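Hi,

Here's the structure I promised to send over.

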Amino acid sequence: TQFNMESRPRLIFADIWGTISTHLTSTALHEEAAVAMFAVDSLRQLSMQFLNREELGVFEFQRRFLKPLETIMSRSTHVSVKEHLLSSVEQLILIYGFDEGAESSEKATGGQKRTHQGTLRSGWRSVLLVLGAAGLDNNEAVASQGFQLLSAQIQQCVSICKKGDSNADRPMS
């Protein structure tokens, strides 16, 4: 998949991804938790590779690519799979999310520089839907983890908006 992702035009790869994502989604919903965890981890790795590429204009390839995460979160019966999925989504947010507050995100990523800050675009929709579904989960641990991640993103958005407002109030020189 990784080779096809890098070597084929995005429209061609989008068709290929339709087949691959269906297979990975069904595998992530497998009754055996270990098999499901492996599929979620494969999706995480592929997502990281895919998000390294900049999204083009009006195309919403990120949303299409991350869509399986929504399905897995809402339909999986394994708490461990959902927790692993949320950890994977958190990692995606830390690496590809907002580019504000890079110092705190460096701490969260173990001191690694974030070279793809702010490149998550249409993928935010899938990320937020995953976090929302987690917050509604019957398992308290999953719901709490999803709520904490969602709250952190809301706080970050609010702080970015406040910074933007304070910059707008400054007189131009």
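This is a predicted model: local features need pLDDT of at least 70, side-chain atom pairs count only at pLDDT 80 or more; totals for chains, interfaces and linings use all residues.

**Aromatic rings and a surface patch**

Residues are numbered from 1 along each chain as its sequence is written, and side-chain values use heavy atoms, leaving out hydrogens and water.

Now, Phe50 also forms an aromatic pair with Phe65 (ring centres of Phe, Tyr or Trp, its six-membered ring, within 6.5 Å; stacked is under 30 degrees between planes, edge-to-face over 60, the rest tilted). That pair is stacked, at 4.2 Å centre to centre and 0° between the planes. It links distant parts of the chain, with Phe50 in helix 3 and Phe65 in helix 4 (residues 61-75), 15 residues apart; helices here are DSSP runs of H or I, at least four residues, numbered from the N terminus. Phe50 has a relative accessible area of 8%, and Phe65 is buried too, at 2%.

Phe13, Trp17, Phe50 and Phe65 make up one aromatic cluster.

What about Val58, buried or exposed? Val58 is exposed, with a relative accessible area of 77%, and sits in the loop between helix 3 and helix 4.

Cheers

Note on methods: Helices (H or I, at least four residues) and strands (E, at least two) are DSSP runs, numbered from the N terminus. Buried means under 20% relative accessible area, exposed over 50%, partly exposed in between (1.4 Å probe, protein chains only).
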